[in-house]
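I opened this entry to keep a record of what I looked up about aromatic side chains and their surroundings.

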Amino acid sequence: MGIKQKVRICVDFAMILLMPCLMAYSLIGGKIHEWLGMAMFLLFFAHHLLNLGWYRAMIKGHYTVPRIVRTAVNMLLLIVMVLLAVSSVIMSGYAPWDIKGGMAFARLAHLASSYWGFVLVSFHLGIYWDRMLVAKRMQKQIKAPFKYILRFVFWVYAAYGVYAFLKRQFASYMFLQVQFVFFDYGESAALFFADYLSVMCLFAVIGHYVSACMNCLNRRRK
């Protein structure tokens with residue numbers, strides 16, 4: 001494994017770890033939230049630098065259905081992350097310009113894009129899972145029946161993510177049906193992260209099987 005591959009794995013793994021931490025505003029506080037947010041944007045920028053080849057290849061080749069879906073997800077994720085960055089700067093008071101009503105816009109934009117970003121990052125992880133070198137090595141090293149036991153446990157945990165998704169009102173925040181997040185400052189950190197990680201697993205599983213189905217249909221058409 002080359003140095004670039006190792007750096008890419010470290011960057012991606014750090015971003016996955018940061019996602020649920022950034023959602024835990026009530027547990028970590030505003031100051032740490034901002035520092036972690038800056039770290040996330042630096043990692044996101046590094047992730048794109050390490051994958052510049054993907055952008056160069058956008059104008060090349062034929063666009064199959066799987067490629068269209070992956071490109072759409074990546075572009076949506078890029079838009080969401082830019083929106084998160086802009087709204088973060090405005091809310092922190094670091095913006096060098098004065099936007100009329102900017103704080104109200106930033107608060108709503110940050111709320112919606114935070115939850116959309118969480119879902120899209122998880123879905124993105126799922127659709128690229130089979131292409132990740134770490135995933136391939138894990139699949140080779142884990143032997144049956146442990147592979148099937150782990151897969152079953154993962155499915156059960158992802159199924160719990162449906163309950164957590166509804167319980168945590170993801171859809172209401174994503175579509176701004178609820179415009180203020182309810183923070184339970186007395187909540188157990190273990191329960192919070194268990195819920196959010198299960199939602200991450202849920203959308204990673206959805207992304208993985210959506211990608212697998214599209215690839216299967218694409219092979220049949222050929």
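I looked up tyrosine 196 in this predicted model and found it buried, because its relative accessible area is 4% and the cut-off for buried is under 20%. I then asked which parts of the chain tyrosine 196 ties together through its pair with phenylalanine 118. Phenylalanine 118 lies in helix H5 (residues 102-127) and tyrosine 196 in helix H9 (residues 189-221), so the pair joins parts that are 78 residues apart in sequence. Phenylalanine 118 is also buried, with a relative accessible area of 0%.

I went on to phenylalanine 192 and phenylalanine 193, which form an edge-to-face pair with 5.5 Å centre to centre and 85° between the planes. For phenylalanine 192 I noted a buried side chain at 4% relative accessible area, whereas phenylalanine 193 is partly exposed at 24%.

I searched the whole structure and counted twelve aromatic pairs; the pair of phenylalanine 118 and tyrosine 196 is edge-to-face, at 5.7 Å centre to centre and 90° between the planes. Ring pairs link a cluster that includes Tyr115, Phe165 and Phe203 along with Phe118 and Tyr196.

I next checked charges over rings, and noted that the charged end of arginine 67 sits over the ring of tyrosine 63, 4.0 Å from its centre, while arginine 107 lies over the face of phenylalanine 180, at 4.3 Å from the ring centre.

Last, I turned to the surface, where a nonpolar patch with about 820 Å² of accessible area together has Trp155 and Tyr209 among its members. Helix H7 (residues 146-167) gives the most to the patch, with seven residues; phenylalanine 154, found in helix H7, is partly exposed at 37% relative accessible area.

How values were computed. Residues numbered from 1 in each chain as written. Predicted model: local features only at pLDDT ≥ 70, side-chain atom pairs only at ≥ 80, totals over all residues. Heavy atoms only, no water. Patch = residues over 30% accessible without salt bridge, like charges linked within 9 Å, V, L, I, M, F, W, Y side chains within 5 Å. Areas by Shrake-Rupley, 256 points an atom, 1.4 Å probe, with all protein chains shown as cover. Salt bridge = Lys/Arg side-chain N within 4 Å of Asp/Glu carboxyl O. Helix = DSSP H or I, 4+ residues; strand = E, 2+ residues; numbered from the N terminus. Buried < 20%, exposed > 50% of the residue type's maximum accessible area, 1.4 Å probe, protein only. Phe/Tyr/Trp six-rings, centres within 6.5 Å; stacked < 30°, edge-to-face > 60°. Lys NZ or Arg CZ within 6 Å of the ring centre and 35° of its normal.
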